[in-house]
Amino acid sequence: MTEPENQSALSRRMFLIGLAGTAVTFGFAPEKAAAHQSGPFEPTIWYSIDHDGIVTVNITRAEMGQHIGTAIARILADELEVGWSNVRISAVDTDPKWGVMSTGGSKSVWLDFPVYSRAGAAGRIALIEAGAKLLGVSAPQCVAHQGAVFAANKSISYGEIVRRGEPTRKFMPDELAKLPIKPASERRLIGKKTGALDIPAKINGTARYGIDAAVAGMVYARPKIPPTRYGSVVRAVDDSAAKRIKGYLTSLVLEDPSNTVPGWVVVCAMSYPAAIRAADLVKVDWSAGDAGQVSEQGILDYGARQIAAPHGGALLVDDPGVDSAFRTAASTLERTYTTSSVLHAQLEPVNALAFEKDGRLEIHTGSQAQSAILPVLARALDLPQERIIMRTYPMGGAFGRRLNTDYAVPAALAAKALGKPVKLVLTRPDDMRFDSFRSPSIQTLRLAFDQQGKVTAMEHHASAGWPTGVYVAPANMPKTADGTPYDPFAIDGADHWYSVGAQRVRALSNDLANTAFRPGYLRAVAPGWTNWAVESFMDEAARMVGADAVAFRIGLLDSAGRNAGSTPNAVGGAKRQAAVLKRAAEKAGWGTTMPMGTGLGVATTFGQARSMPTWIACVARVRVDRSSGAVSVEKLTIVVDAGTLIHPDGALAQVEGGALWGVSMALHEGTEFQKGQVKDTNFHSYTPLRIGDVPELDIEFIESTEAPVGLGEPGTTVVAPAVGNAIFAATGIRLRHLPMRPAAVLGALASKK
C-alpha cells in the first residue's frame, strides 16, 4: 500500500523497539536506543502496553459520532494480535509529535490504515522475539494470538513479556515498509462485529464533550455577532441595561490581529444564563462591511457571469479536441444546476474554554483541525505556537463545521483580556449566524453527441465559494497542470469516471462568496453539488437519446483510459462503479412499473475524490402529491464498495446517516444569504428531515479486500440526484435547484400544463 504523503515521517525515521527493565519502547528514534523506563510500555508512539497487557491506542482523529477511535484501534489490534477486550483508546493533545491533526474528507481510515497496521505488526514481531527468548525457543517457533506468545505447549502473555523481557530491535525505513501485514483471510478483528469502544461512556453519561469542559474560577461568555462576517467595526457599546443582570461582568470589544472575528463583542458573566440574558440587553453600534449589500442571488449571478466568460478559473481536465467536438456535434445538451447555502446546524453549538496554565494557553474544545487553528491562535494572541495547546473532546456533531475552529479565537482573546478562564458558548442563533456554511453553487454542463448518439465530449463549469482558498491559502492548494491553484473541495466529483470523449472540467472561485462570508466544509463539500449536477445531467442525457438511465451510465463506465483505475486505492476503476450501479438497480427492481405519482430514480457517485474513490449507487423510490407538491421518499436502495470494511457497524451507521442527510438537503435544508447574514437562525424556519419522513433504507456493502477508503461522506452525495431523477420519473418535471421544495414542484407542474 502506498504511503500517504502526510505520514511520510514513518519512512524518514527508523523505528526502534527496545525492552529494558520494565518498559517496552517502540517509537521514533534518531540513532540511539531509548532510555530505560518504568511503567506502561510504548511499543510505538501510537500505543502503549501496560503490565496487565492492556493496550491503549493513541487517537489523533476527532470523534464526532463516527466511532473513528474504534476503527483505528481495530486496525492496530488486529496486527498486534491482542484481544479486543484488552484495547482502550485515548484522544491526544496537540503535541507536535503527532504530526498533522485533521479529521475530514473521509480520509481518516484511508490515511491511518498503513500507519497503525505497520505499528501493530512491528510490535507483534518485537513481542514474539522477546517472548521466544523468555520461553527458551526460537522466534520462528512462536506465534502471537490474543495477547500472548505461544510455542508448542508453552505460552507467555504480553503483560508478562513487558514485565520481564529485554528485546532490542530496529526497523529501518525499507524494513518497515516491507513488514508482513496479514492477508485478509487471517484477520480476526477487521471486518468483524465488535462493540464500539466509545459507546459505553456516551450511554452512561461519563463522556465529556467540549460543552462540558470546566475549570475552577471560569467565567462564561456569549458573543454579539456583528452584521457581516468581515469588515464590521464597533463604533459604540451600551451595556447599561445589562448591568441589571445579576452576575454580569463586562462586555469586551475584541481586538483580533488574525481577522478571524472582526467586530466581535463578547459579553461575560458569572453564569451562562446570565451571559445569555445580558447579551440580549447589550446594544452595539456597528458599521457593517461590504457584505451587507450582498445577496444569495447576487452570488449565483456572479457565478453565472464567471461561467459565461471564456477564460478564467482552474482547468482540472482540458483535453484537446473539446471545442472541435462541440463544433462538429450532431446534437448537444446544455443544462445549468444550482444549490442553496446549507448550514451545518450540528447538535452541539460551537464552544471553547480558554485559560492560562503553567505558562501556556490551553484551549479545551472539540476540533476537527487542531493543526490548522494553532497558527491562527498564535497570530491572534501574539504568542509562540509552542505556548498554545489544545485538549481535544468528542463532539456532538461536526460535519465539517469544526474543521474551522474559529470559535476558539474569541474564547482565547477574552481569556487573555480578562486574565481568567473564559468559557464561550454560542446559542443556536449565534451558531447559525456564525456558521461557515456551504456556499451556494452554480454549474453549467454540456455534452456533445455524434450521429449515432454516442457521447463525444463533455464540459463541466462550476462556480462556488472556495473553503480551502479562504481557510488555508492559495499557495498551499494543489495546482493544475498549468500551475493554477484550485480548491479540490470546490470541484471534486466533477472529474468523474465516465468515458465521455474529450473532457473539460473548470473550477471557478466565486470571489463574491469568498469575501461576503466564510465558505465552509460541509459533509461531502463539493460532491454535494457536483454530483447533483453530473447525475441529474446524465439522466437528462439518457432521456435525450432515448436510452435507459442505468444502461446509459453503464455504457459510459467502461473503464477505458484513465478511468481504468490504479493501485492502491482505485483498483478496478469504473468497473467497480458499474458493479454497484448494476447491483443497486437489481435490488430495487429497476424497470418495474410504478403506481401513478410514484417513480424510481438512479444515481451513482464515487465519494470524495478520484484519489480515494468510494463507489456508491442509489435507487430512490419517491411519491409526489400533485395537489401539495410534497415529495415523499419511500425507499432508498444503496450499494457501496468501500474496499475493506474495518468496523462494519460503523460503516453502516455512516452510510445511513449520510443518506438521511442527503434526503434532508435534497428536499428540506437550505437557507439564503441576505445582506451579510443567513436568513434562518433556528429550527422554526430551518427544517431538517424529521423522523416521520425517514424512508426505508436498504444498504448493502460489496465484500472486498481492496484498500479501505472513506465512508463519512459518500452517502450524502448520491441521494439528491436519485431523488430528483425519481421526481421526473413520477411526474415528468425536471428540477435543477436544491432543495426541491413543494413550491418548486407546484411551479414546475403548473408550467408543464
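Reply: A residue is called buried under 20% relative accessible area, exposed over 50% and partly exposed in between (1.4 Å probe, protein chains only). The model is predicted, so local features need pLDDT of at least 70 and side-chain atom pairs count only at pLDDT 80 or more, whereas totals for chains, interfaces and linings use all residues. Residues are numbered from 1 along each chain as its sequence is written, and side-chain values use heavy atoms, with hydrogens and water left out.

Me: Why is R623 called partly exposed?
Reply: The relative accessible area of R623 is 38%.

Me: What makes E634 and R623 a salt bridge?
Reply: The term requires a side-chain nitrogen of Lys or Arg within 4 Å of a carboxyl oxygen of Asp or Glu. The closest N and O atoms of E634 and R623 are 3.1 Å apart, so the pair meets the criterion. E634 belongs to strand β27 (residues 631–641) and R623 to strand β26 (residues 615–624), so the bridge ties together parts 11 residues apart in sequence. Strands (E, at least two residues) and helices (H or I, at least four) are DSSP runs numbered from the N terminus.

Me: What makes E81 and K182 a salt bridge, and where do the two residues lie?
Reply: Their side chains meet at 2.8 Å, N to O, which is inside the salt-bridge limit. E81 sits in the loop between α2 and β6, and K182 in the loop between α5 (173–177) and α6 (199–204); the pair links distant parts of the chain, 101 residues apart.

Me: Are E81 and K182 buried or exposed?
Reply: E81 has a relative accessible area of 5%, so E81 is buried. K182, at 10% relative accessibility, also counts as buried.

Me: Which backbone nitrogens lie by the side chain of D256?
Reply: The backbone nitrogen of T260 is 2.7 Å from a polar atom of that side chain, and the backbone nitrogen of V261 is reached at 2.8 Å.

Me: What makes R562 and D495 a polar contact?
Reply: A polar contact is a pair of N or O atoms within 3.5 Å; within protein, one must be able to donate a hydrogen and the other to accept it, and residues adjacent in sequence count only if both atoms are side-chain atoms. The side chains of R562 and D495 make such a contact at 2.6 Å, and those of R562 and Q503 make one at 3.0 Å. R562 lies in the loop between α16 (549–556) and α17 (574–588) and, at 39% relative accessibility, counts as partly exposed.

Me: Which residues does R562 touch beyond four places in sequence?
Reply: With contact meaning heavy atoms within 4.5 Å, R562 touches V317, D495, H496, W497, Q503 and R610. R562 and W497 are 65 residues apart in sequence and 8.3 Å apart in space, C-alpha to C-alpha.

Me: Why are β4 and β5 said to pair?
Reply: Pairing requires that DSSP finds at least two bridges between the strands. Three bridges join strand β4 (residues 47–49) to β5, so the antiparallel strands pair. Y47 stands opposite V57 in β5. Strand β5 (residues 55–59) is mostly covered, with four of its five residues buried. β5 also pairs with strand β6 (residues 87–91) in the parallel sense over five bridges.
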